[in-house]
Amino acid sequence: MSKTLQELAILLDGHVSGDPAVTISGLGTLDSAVAGEITFLANPRYAAKVATTTASAIVVTATAETFGKNVIVVENPYLAFARLLTLFTSRPRVVKGIMPGAFVGEDVAIGADPSIYNNTSIADGVRIGDRVTLHPNVTLYQGVVLGDDVTLHSGVSIREGCRIGNRVTIHNGTVIGSDGFGYAPNGKSWFKIPQIGNVVIEDDVEIGANATVDRAALETTRIGQGSKIDNLVQIAHNCQVGDNCIIVAQVGIAGSVTLGNHVSIGGQAAIVDHAVIGDNAMISGQSGVFNDVAAGAVVSGTPAMQHKTRLKCAAVYPHLPEMRKTLIKLSRSMSKFENNLEPAANVGL
Amino acid sequence: MSKTLQELAILLDGHVSGDPAVTISGLGTLDSAVAGEITFLANPRYAAKVATTTASAIVVTATAETFGKNVIVVENPYLAFARLLTLFTSRPRVVKGIMPGAFVGEDVAIGADPSIYNNTSIADGVRIGDRVTLHPNVTLYQGVVLGDDVTLHSGVSIREGCRIGNRVTIHNGTVIGSDGFGYAPNGKSWFKIPQIGNVVIEDDVEIGANATVDRAALETTRIGQGSKIDNLVQIAHNCQVGDNCIIVAQVGIAGSVTLGNHVSIGGQAAIVDHAVIGDNAMISGQSGVFNDVAAGAVVSGTPAMQHKTRLKCAAVYPHLPEMRKTLIKLSRSMSKFENNLEPAANVGL
Amino acid sequence: MSKTLQELAILLDGHVSGDPAVTISGLGTLDSAVAGEITFLANPRYAAKVATTTASAIVVTATAETFGKNVIVVENPYLAFARLLTLFTSRPRVVKGIMPGAFVGEDVAIGADPSIYNNTSIADGVRIGDRVTLHPNVTLYQGVVLGDDVTLHSGVSIREGCRIGNRVTIHNGTVIGSDGFGYAPNGKSWFKIPQIGNVVIEDDVEIGANATVDRAALETTRIGQGSKIDNLVQIAHNCQVGDNCIIVAQVGIAGSVTLGNHVSIGGQAAIVDHAVIGDNAMISGQSGVFNDVAAGAVVSGTPAMQHKTRLKCAAVYPHLPEMRKTLIKLSRSMSKFENNLEPAANVGL
């Protein structure tokens, strides 16, 4: 496929500076792109490379120095690059139908153009939308509902009664709807609390590999529309994740946590059960959140605190040994003074 | 199904206050339960809702205000609720037999009433008890032994020679008996130490999704009777986990750790290899345990220390920047004093 | 199988002290080994057990007290033990061929002596070397390449276009080549950046269970020759892991990190994206590495710092409450002095 610079500019909501008729048939980085390809400048650190790149065109912001090159000016070159990459690399979906070796139970409805691979297991009563791709060893338990344009990679399990929206992609080995971790103390042992709720994954969610989202005890664990969840993340029962959240690898979210919209959580962070995290809050990697977090707050550390405060504290931390020594020395000096200056009082005691 | 309040009270080891003939056919929360249903009050924070709930009866403790409602008085309403939930929601197990597409090797013994789904793989020499459920894509390697009433969810792998007790449930994708992580340094590279032991999971254990329990190098990694393990937990080779332990999601337990009975470990905590953790010890979430922990101790932090001490330290931590400033100021003041008050000595140096 | 002590000494690059004709047919620990077996002493703590063991021979270092026993003297008894364990316990590989119920796509090349179990899925265009073992429910996506002597345990998924070297073992449920976690902000929502690179696993790598290695955005995520990766580890897109690294369970490595050769990373540690870790660096368990780490450095803590410094700081940390009290007391004393000694100045204000 090839496009003129003008055609690409329209697709990217940008405008051309230079020759709009230049033909582009691929893309690369500032270092790797060659004639006929387009590249982009998002990080000003690499601005000097614009002068030397062999690419035929560059996606830049309005303020960038263009060195007389052919450019498309856009607001967000990184986003534009993502769009170009999608344009030049996406391939038509292959419709495999229902392959031999796929197991389909009773009372199952499957929409148009499925790709259901061998060794897939679809239990009774499952409902599947159009253009769904189920890779090998996917297991759908009884009563699962999948929307349109869903892709489940090999080894994904969707447990009984869980519902997956449209345009959802789930990577290999991820488990949706395993039992929440709930037990009542029964003397020395533990009595299992039945987990009879489900999980609802809304539209446009993507979940990485080997992650786990537990079913609610009674009602629904919900992942909001457009949220993106990385590998090996744990989301416990009853959680309510808002829209367009970003949850990086190995995060652990305990039971009944509420995340607002557009919350970002760095890798390996943990959130205590029942916490409420406000819209647009940012939680740094490895943080331990033991309390609610206000909308828009940026927190880090264990226990998590305002990120700026913690940075200051962390900067002092390496001085602790010298601080302790100074403190001991000062205490001795002070005692000496107090003894010298207040002899009467001391004698009086 | 429906029961009289009197019948339920007997099941719960409690007694009725109010009308014992009231008929109950379901249950809900204080907010959601309607006529014909029973609810419970475990957290005193919600005591006022007893007056306004539309439930036909409430499970309470002896000290609760009942507002003249029909109640069952028990010692532990939370446990009673779990029992009622089990009573009203559990369904009879479906016996599927051995479904087409299940692979069964040679010299395999399978007990009464199995449900072995399509795409299950059972290697040679496996022994399976009565009423076992193996969901799709379960793999049992050679020589595995499963007790009675075991449920393995889709994608579970039990490696060669591992033994699973009675009434054990393992959720999707969990791996029992992968090789322990053992290598001997061999100059620059690493020489693998064969891991020829196994894993034994005792009766009444439940393990969550995508967890891993490694086989012992020479002997047995053991999970004690009644212990409950959450999603994405790692238990390394040679560990000895006691009875009725609670291990929350994403905990990592290094090699040859011994846990006593009834140990609780919060999410994402880690325990260093060879540590010994005493009975009833509690380890907070995200702790890093680098030493043994005494029976009954409550520890937190990295490195883990007595929880109460750490709370006090954590409360001081945000004051570090101001403490450092004060310390510098005090040092200067002290120097000034010492210069003023001890001029001879200073001159002498 | 049995060997004389002399034969074993040659295999271990050691020499016999005592009777070289003694016959050995197995091995055990200092406590468990019996007549006819060999044991070893690696940890000097157990030196006294050499006198009392019932083993027929012991592997020791040159400096060990041998109590007149038959011994093999070597440089590294632990490594020698690993070699003996391999010698006495390894069994010949069983060649299963391609079992019924394995799915093999078009244009697939499979080398000599495969063991490809039931329920394995091999997509079109896959290339497989000699003596490869694929356990049940392994999924190889389109265009995957496996070298010789590869073992993939049940539930492993290798995504499209990824390449696995020779003598690689991957344990159950691990995912190689899932999409990297890359999204461009698009106002409130997130635009997926296509992940069109792959993963290359070099020779002699071993990866544990339920780990995840993401494919690169554009190029290759690489795991260097001889590196060993434990269970539940996350390696993000574009990472370059050097040779012979050791990465313990639940470690998280963010995108585009470079590890040198022979880097060791303790369990649950995390490394921030784009960090560069030098050769032979050691990162302690649970560390949070937010910056580059120099070759040979030993770091720990969050944020990670020199391990020795952090140990000193951690030793002071429990004193924080008492330090704060002392500081407040000193400040008060100092104020009193300043008021007494500088009355004119204070009045002047």
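Chain C can be laid on chain B by a turn of 120° with a shift of 0.0 Å along the axis, and the RMSD is 0.1 Å. Copies here are superposed by least squares on the C-alpha atoms of residues with pLDDT of at least 70 in both.

Some housekeeping. This is a predicted model, in which local features need pLDDT of at least 70 and side-chain atom pairs count only at pLDDT 80 or more, while totals for chains, interfaces and linings use all residues. Residues are numbered from 1 along each chain as its sequence is written, and chains are lettered from A and ligands numbered from 1 in the order in which they are written.

Now chain A as a whole. Chain A has six helices and 40 strands. Helices (H or I, at least four residues) and strands (E, at least two) are DSSP runs, numbered from the N terminus. What is the radius of gyration of chain A? The value is 28 Å, well over the 20 Å that the globule rule gives for 349 residues, so chain A is more spread out than a compact globule. That radius is taken over C-alpha atoms, and the globule rule is 2.2 Å times the number of residues to the power 0.38. Along its principal axes, the C-alpha trace of chain A spans about 95 × 70 × 30 Å.

The domain assignment of chain A gives domain 1 (3-89), domain 2 (97-251) and domain 3 (321-348). Those bounds come from an automatic or database domain assignment. The centres of domain 1 and domain 3 of chain A, taken over C-alpha atoms, are separated by 69 Å.

Of the 349 residues in chain A, 52% are buried. Buried means that 20 or more other C-beta atoms lie within 10 Å of the residue's own, exposed means 12 or fewer, and partly exposed is in between, with C-beta atoms placed from the backbone. Among contacts in chain A between residues at least 6 apart in sequence, 19% join residues at least 24 apart. Two residues are in contact if their C-beta atoms, placed from the backbone, lie within 7 Å.

Next, the strands. Strands of a sheet pair through backbone hydrogen bonds, either parallel or antiparallel. In chain A, five strands form an open sheet with mixed pairing, in the order β2-β7-β6-β5-β4. Here two strands pair if DSSP finds at least two bridges between them. Which strands stand at the edges? They are β2 (15-17) and β4 (26-27) of chain A, each with a single partner strand, so one side of each is left without a neighbour in the sheet. Inside that order, β5 (residues 37-40) and β6 (residues 57-60) of chain A pair in the parallel sense over three bridges, and Phe40(A) stands opposite Val59(A) in β6(A).

In chain B, β5(B) and β6 (residues 57-60) pair in the parallel sense over three bridges, with Val59(B) as the bridge partner of Phe40(B). Further along chain B, β24 (residues 198-201) runs parallel to β27 (residues 220-223), joined by four bridges. Ile201(B) has Ile223(B) as its bridge partner in β27(B). Two bridges then join β27(B) to β30 (residues 240-241) of chain B, again parallel, and there Ile223(B) is partnered by Val241(B).

Last, the chain contacts. On one side, 51 residues of chain C are in contact with 49 residues of chain B. The elements giving two or more residues to that side of chain C are α3 (77-89) and α5 (320-341), and α5(C) has the largest share, nine residues. By class, the side divides into 20 nonpolar, 26 polar and five charged residues. Ala, Val, Leu, Ile, Met, Phe, Trp, Tyr, Cys and Pro count as nonpolar, Asp, Glu, Lys and Arg as charged, and the others, Gly among them, as polar.

Toward chain A, 49 residues of chain C are in contact with 52 residues of chain A. The largest share of this side of chain C, six residues, comes from α5(C). The classes are 24 nonpolar, 20 polar and five charged residues.

One residue to look at is Phe191(A), in strand β23 (residues 189-192) of chain A. Phe191(A) is partly exposed, with 17 other C-beta atoms within 10 Å. Leaving aside neighbours within four places in sequence, Phe191(A) is in contact with Tyr183(A), Ala184(A), Asn186(A), Leu79(B) and Ala82(B).
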